[in-house]
Amino acid sequence: MRNLLGNWGELMETRKKFWRCNVCNDIHYGLKPPKQCPTCGALDAFVICDTNEAMKVMEGEKTSIATQEELIDVWKEWVSRNDKIKLWEELESVKLLATGEIENDRNKGLKYCPCRSLTGEREKDLKLICPCNFYKQKTWKEYGECWCGLFVKR
Amino acid sequence: MTDAEKRLIWFYGKECPHCRALHPTVEQWMADTGKQIVKLEVWHDDQNAKLMRTYGSAIAEACGGDLGVPAFYNEKTGKAICGSRVNAEKLTKWAEG
(Lines give C-alpha, C1' and ligand atoms only; values in the text may rest on other atoms or scores of the structure.)
Protein backbone atom coordinates (compact mmCIF):
# COMPACT_ATOMS: atom_id res chain seq x y z
CA MET A 1 0.00 0.00 0.00
CA ARG A 2 2.73 2.42 0.99
CA ASN A 3 4.55 1.94 -2.31
CA LEU A 4 1.37 2.46 -4.29
CA LEU A 5 0.39 5.61 -2.43
CA GLY A 6 3.79 7.27 -1.99
CA ASN A 7 3.81 9.86 0.80
CA TRP A 8 0.19 9.08 1.60
CA GLY A 9 1.15 5.57 2.56
CA GLU A 10 1.66 6.01 6.28
CA LEU A 11 -1.45 8.12 6.66
CA MET A 12 -3.51 5.60 4.74
CA GLU A 13 -2.30 2.73 6.89
CA THR A 14 -3.09 4.36 10.21
CA ARG A 15 -6.30 6.25 9.48
CA LYS A 16 -9.71 4.78 8.88
CA LYS A 17 -11.10 5.42 5.44
CA PHE A 18 -14.10 4.64 3.28
CA TRP A 19 -14.19 1.59 1.05
CA ARG A 20 -16.80 0.95 -1.64
CA CYS A 21 -17.81 -2.46 -2.98
CA ASN A 22 -17.46 -2.23 -6.73
CA VAL A 23 -20.29 -4.73 -7.21
CA CYS A 24 -23.13 -3.43 -5.01
CA ASN A 25 -21.81 -0.08 -3.66
CA ASP A 26 -21.76 -1.24 -0.03
CA ILE A 27 -19.79 1.28 2.01
CA HIS A 28 -17.34 0.21 4.70
CA TYR A 29 -15.44 2.54 7.03
CA GLY A 30 -12.27 1.14 8.57
CA LEU A 31 -8.55 0.59 8.32
CA LYS A 32 -8.96 -2.45 6.08
CA PRO A 33 -11.61 -3.64 3.64
CA PRO A 34 -13.74 -6.71 4.36
CA LYS A 35 -12.49 -9.73 2.41
CA GLN A 36 -16.07 -10.55 1.44
CA CYS A 37 -18.85 -8.05 0.91
CA PRO A 38 -21.47 -8.71 3.64
CA THR A 39 -24.26 -7.60 1.32
CA CYS A 40 -23.56 -9.19 -2.07
CA GLY A 41 -20.89 -11.74 -1.14
CA ALA A 42 -18.33 -10.51 -3.70
CA LEU A 43 -14.71 -11.28 -2.84
CA ASP A 44 -11.98 -8.60 -2.75
CA ALA A 45 -14.41 -6.06 -4.07
CA PHE A 46 -13.73 -3.09 -1.80
CA VAL A 47 -11.90 -0.09 -3.23
CA ILE A 48 -10.85 3.01 -1.29
CA CYS A 49 -13.11 5.94 -2.00
CA ASP A 50 -13.13 9.50 -0.71
CA THR A 51 -15.61 10.88 1.82
CA ASN A 52 -17.54 12.73 -0.88
CA GLU A 53 -18.09 9.56 -2.89
CA ALA A 54 -19.11 7.58 0.17
CA MET A 55 -21.59 10.25 1.26
CA LYS A 56 -23.07 10.50 -2.25
CA VAL A 57 -23.60 6.75 -2.35
CA MET A 58 -25.24 6.77 1.07
CA GLU A 59 -27.39 9.85 0.42
CA GLY A 60 -29.89 7.79 -1.52
CA GLU A 61 -30.36 5.49 1.47
CA LYS A 62 -30.86 8.17 4.07
CA THR A 63 -32.16 6.74 7.32
CA SER A 64 -33.15 8.47 10.48
CA ILE A 65 -33.48 7.28 14.06
CA ALA A 66 -35.27 10.27 15.42
CA THR A 67 -37.78 9.07 17.97
CA GLN A 68 -37.61 7.36 21.33
CA GLU A 69 -39.45 4.33 19.90
CA GLU A 70 -37.14 3.99 16.90
CA LEU A 71 -34.06 4.17 19.07
CA ILE A 72 -35.35 1.56 21.52
CA ASP A 73 -36.11 -0.70 18.55
CA VAL A 74 -32.48 -0.31 17.42
CA TRP A 75 -31.24 -1.35 20.86
CA LYS A 76 -33.63 -4.31 20.95
CA GLU A 77 -32.44 -5.44 17.55
CA TRP A 78 -28.81 -5.22 18.67
CA VAL A 79 -29.21 -7.16 21.91
CA SER A 80 -31.25 -9.82 20.09
CA ARG A 81 -28.08 -10.65 18.14
CA ASN A 82 -25.80 -10.59 21.17
CA ASP A 83 -25.87 -13.40 23.70
CA LYS A 84 -23.89 -11.43 26.31
CA ILE A 85 -26.19 -8.47 26.85
CA LYS A 86 -29.79 -7.46 27.37
CA LEU A 87 -31.60 -4.20 27.91
CA TRP A 88 -32.25 -2.81 31.39
CA GLU A 89 -35.54 -4.20 32.61
CA GLU A 90 -36.79 -0.84 33.93
CA LEU A 91 -38.63 0.39 30.87
CA GLU A 92 -39.11 3.93 32.19
CA SER A 93 -35.33 4.31 32.58
CA VAL A 94 -34.76 2.94 29.08
CA LYS A 95 -37.26 5.46 27.72
CA LEU A 96 -35.59 8.29 29.62
CA LEU A 97 -32.19 7.36 28.19
CA ALA A 98 -33.64 7.20 24.69
CA THR A 99 -35.18 10.64 25.16
CA GLY A 100 -31.82 11.96 26.34
CA GLU A 101 -30.00 10.57 23.34
CA ILE A 102 -32.52 12.03 20.92
CA GLU A 103 -32.12 15.37 22.71
CA ASN A 104 -28.33 15.10 22.55
CA ASP A 105 -28.55 14.27 18.85
CA ARG A 106 -30.66 17.37 18.29
CA ASN A 107 -28.58 19.69 20.48
CA LYS A 108 -25.06 18.26 20.20
CA GLY A 109 -25.12 16.46 16.87
CA LEU A 110 -24.79 12.83 17.94
CA LYS A 111 -26.53 10.34 20.20
CA TYR A 112 -24.23 10.77 23.15
CA CYS A 113 -24.85 8.89 26.40
CA PRO A 114 -26.92 11.15 28.71
CA CYS A 115 -24.92 9.85 31.68
CA ARG A 116 -21.65 11.14 30.32
CA SER A 117 -20.43 14.65 29.61
CA LEU A 118 -18.62 15.99 26.57
CA THR A 119 -14.92 16.72 26.91
CA GLY A 120 -14.63 19.00 23.88
CA GLU A 121 -12.04 16.66 22.34
CA ARG A 122 -13.38 15.01 19.20
CA GLU A 123 -11.69 11.63 19.58
CA LYS A 124 -12.76 11.28 23.20
CA ASP A 125 -16.29 12.47 22.57
CA LEU A 126 -16.81 10.03 19.70
CA LYS A 127 -16.36 7.30 22.29
CA LEU A 128 -19.41 8.58 24.14
CA ILE A 129 -21.84 7.72 21.34
CA CYS A 130 -24.27 5.10 22.61
CA PRO A 131 -23.80 2.17 22.59
CA CYS A 132 -20.25 2.86 23.69
CA ASN A 133 -17.55 0.25 24.24
CA PHE A 134 -18.84 -0.53 27.71
CA TYR A 135 -17.11 -3.89 28.06
CA LYS A 136 -13.99 -2.06 29.21
CA GLN A 137 -15.82 -0.07 31.88
CA LYS A 138 -15.39 -0.71 35.57
CA THR A 139 -19.17 -0.88 36.07
CA TRP A 140 -19.35 -3.68 33.49
CA LYS A 141 -16.56 -5.63 35.13
CA GLU A 142 -17.84 -5.14 38.70
CA TYR A 143 -21.61 -5.02 38.32
CA GLY A 144 -22.32 -6.32 34.83
CA GLU A 145 -23.81 -3.11 33.53
CA CYS A 146 -22.73 -0.24 31.35
CA TRP A 147 -22.15 3.18 32.94
CA CYS A 148 -25.74 4.33 32.45
CA GLY A 149 -27.24 0.89 33.12
CA LEU A 150 -28.90 0.60 29.71
CA PHE A 151 -27.09 -2.61 28.80
CA VAL A 152 -26.67 -5.37 31.36
CA LYS A 153 -25.15 -8.82 31.36
CA ARG A 154 -27.51 -11.67 30.50
CA MET B 1 -12.24 32.08 45.40
CA THR B 2 -12.39 32.28 49.21
CA ASP B 3 -13.12 29.22 51.33
CA ALA B 4 -16.58 30.58 52.04
CA GLU B 5 -17.31 30.74 48.31
CA LYS B 6 -16.26 27.17 47.66
CA ARG B 7 -19.22 24.93 47.02
CA LEU B 8 -20.37 21.36 47.07
CA ILE B 9 -21.50 20.72 43.51
CA TRP B 10 -23.61 18.01 41.96
CA PHE B 11 -23.24 17.72 38.20
CA TYR B 12 -26.21 15.83 36.78
CA GLY B 13 -27.94 15.06 33.50
CA LYS B 14 -31.63 15.78 33.01
CA GLU B 15 -32.14 12.48 31.19
CA CYS B 16 -29.78 10.37 33.31
CA PRO B 17 -31.87 7.79 35.21
CA HIS B 18 -29.31 7.39 38.01
CA CYS B 19 -29.32 11.15 38.55
CA ARG B 20 -33.11 11.17 38.68
CA ALA B 21 -33.10 8.32 41.19
CA LEU B 22 -30.58 10.16 43.38
CA HIS B 23 -32.59 13.36 43.75
CA PRO B 24 -34.57 12.24 46.85
CA THR B 25 -31.35 10.98 48.52
CA VAL B 26 -29.61 14.30 47.95
CA GLU B 27 -32.61 16.31 49.12
CA GLN B 28 -32.86 14.21 52.27
CA TRP B 29 -29.13 14.48 52.89
CA MET B 30 -29.30 18.27 52.66
CA ALA B 31 -32.26 18.36 55.03
CA ASP B 32 -30.50 16.08 57.50
CA THR B 33 -27.14 17.84 57.47
CA GLY B 34 -28.14 21.43 56.80
CA LYS B 35 -25.49 21.57 54.08
CA GLN B 36 -26.18 22.82 50.57
CA ILE B 37 -25.27 21.06 47.34
CA VAL B 38 -25.51 23.18 44.20
CA LYS B 39 -27.14 21.21 41.36
CA LEU B 40 -25.79 21.88 37.89
CA GLU B 41 -27.24 20.23 34.76
CA VAL B 42 -24.59 19.50 32.12
CA TRP B 43 -26.41 18.55 28.88
CA HIS B 44 -28.70 21.53 28.57
CA ASP B 45 -26.43 24.19 30.02
CA ASP B 46 -23.07 24.76 28.35
CA GLN B 47 -21.72 26.87 31.21
CA ASN B 48 -22.28 24.02 33.63
CA ALA B 49 -20.65 21.56 31.24
CA LYS B 50 -17.69 23.92 30.90
CA LEU B 51 -17.33 24.16 34.67
CA MET B 52 -17.47 20.39 34.93
CA ARG B 53 -14.60 20.14 32.44
CA THR B 54 -12.48 22.48 34.55
CA TYR B 55 -12.74 19.89 37.34
CA GLY B 56 -12.43 17.17 34.73
CA SER B 57 -9.40 15.24 35.93
CA ALA B 58 -10.72 14.63 39.47
CA ILE B 59 -14.21 13.79 38.19
CA ALA B 60 -12.99 11.50 35.41
CA GLU B 61 -10.81 9.62 37.86
CA ALA B 62 -13.75 9.16 40.23
CA CYS B 63 -15.92 7.99 37.33
CA GLY B 64 -13.46 5.32 36.22
CA GLY B 65 -11.68 7.25 33.47
CA ASP B 66 -14.26 9.38 31.65
CA LEU B 67 -16.48 12.26 32.65
CA GLY B 68 -19.84 11.00 33.84
CA VAL B 69 -22.90 11.88 35.83
CA PRO B 70 -24.03 11.81 38.57
CA ALA B 71 -20.79 13.45 39.75
CA PHE B 72 -20.19 15.34 42.97
CA TYR B 73 -17.31 17.78 43.28
CA ASN B 74 -16.10 19.43 46.47
CA GLU B 75 -14.48 22.79 45.63
CA LYS B 76 -12.81 22.97 49.03
CA THR B 77 -11.02 19.64 48.91
CA GLY B 78 -10.93 18.98 45.15
CA LYS B 79 -12.42 15.56 45.79
CA ALA B 80 -15.02 13.95 43.56
CA ILE B 81 -17.36 10.99 43.81
CA CYS B 82 -19.29 9.62 40.94
CA GLY B 83 -21.78 7.03 39.73
CA SER B 84 -25.05 5.33 40.51
CA ARG B 85 -23.90 3.92 43.84
CA VAL B 86 -23.48 7.24 45.61
CA ASN B 87 -25.49 7.23 48.84
CA ALA B 88 -25.92 9.41 51.95
CA GLU B 89 -22.94 7.86 53.70
CA LYS B 90 -20.66 8.52 50.73
CA LEU B 91 -22.00 12.08 50.44
CA THR B 92 -21.12 12.77 54.06
CA LYS B 93 -17.60 11.43 53.68
CA TRP B 94 -17.12 13.43 50.48
CA ALA B 95 -18.53 16.66 51.93
CA GLU B 96 -16.38 16.45 55.02
CA GLY B 97 -13.26 15.87 52.98
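Cys130(A) is in no disulfide (a pair of cysteine sulfur atoms within 2.5 Å); the nearest cysteine sulfur, in Cys148(A), lies 5.7 Å away. This is a predicted model: local features need pLDDT of at least 70, side-chain atom pairs count only at pLDDT 80 or more, and totals for chains, interfaces and linings use all residues. Side-chain values use heavy atoms, without hydrogens and water, residues are numbered from 1 along each chain as its sequence is written, and chains are lettered from A and ligands numbered from 1 in the order in which they are written.

**Cysteines**

- A search of the whole structure finds 1 disulfide over all chains.
- Cys63(B) and Cys82(B) form a disulfide, with sulfur atoms 1.9 Å apart.
- The torsion about the S-S bond of Cys63(B) and Cys82(B) is about 75 degrees, so the disulfide is right-handed.
- The pair links distant parts of the chain, 19 residues apart. Cys63(B) sits in the loop between helix H3 (56-62) and strand S3 (71-74) of chain B, and Cys82(B) in strand S4 (residues 80-82) of chain B. Helices (H or I, at least four residues) and strands (E, at least two) are DSSP runs, numbered from the N terminus.
- Cys63(B) counts as buried, at 6% relative accessibility. Cys82(B) counts as buried too, at 15%.
- Cys24(A) has its closest cysteine sulfur in Cys37(A), at 3.6 Å, too far for a bond. Cys24(A) is partly exposed, with a relative accessible area of 30%.

**Sheet of chain B**

- An open sheet of 4 strands runs in the order S2-S1-S3-S4 (chain B), with mixed pairing. Two strands pair if DSSP finds at least two bridges between them.
- Strand S2 (38-41) and S4 of chain B are the edge strands, each pairing on one side only.
- From one strand to the next, the twist averages 20 degrees.
- Strand S1 (residues 8-12) of chain B pairs with S3(B) in the antiparallel sense over 4 bridges. Phe72(B) in S3(B) is the bridge partner of Trp10(B).

**Helices across the sheet**

- Helix H1 (residues 17-33) of chain B lies across S1, S2 and S3 of chain B, at about 160 degrees to S1(B).
- Helix H2 (residues 46-54) of chain B also lies across S1, S2 and S3 of chain B, at about 115 degrees to S1(B).
- Axes are lines fitted to C-alpha atoms, for helices over the stretch in contact (heavy atoms within 4.5 Å), and angles run from 0 to 180 degrees between N-to-C directions.

Technical notes. Buried means under 20% relative accessible area, exposed over 50%, partly exposed in between (1.4 Å probe, protein chains only).
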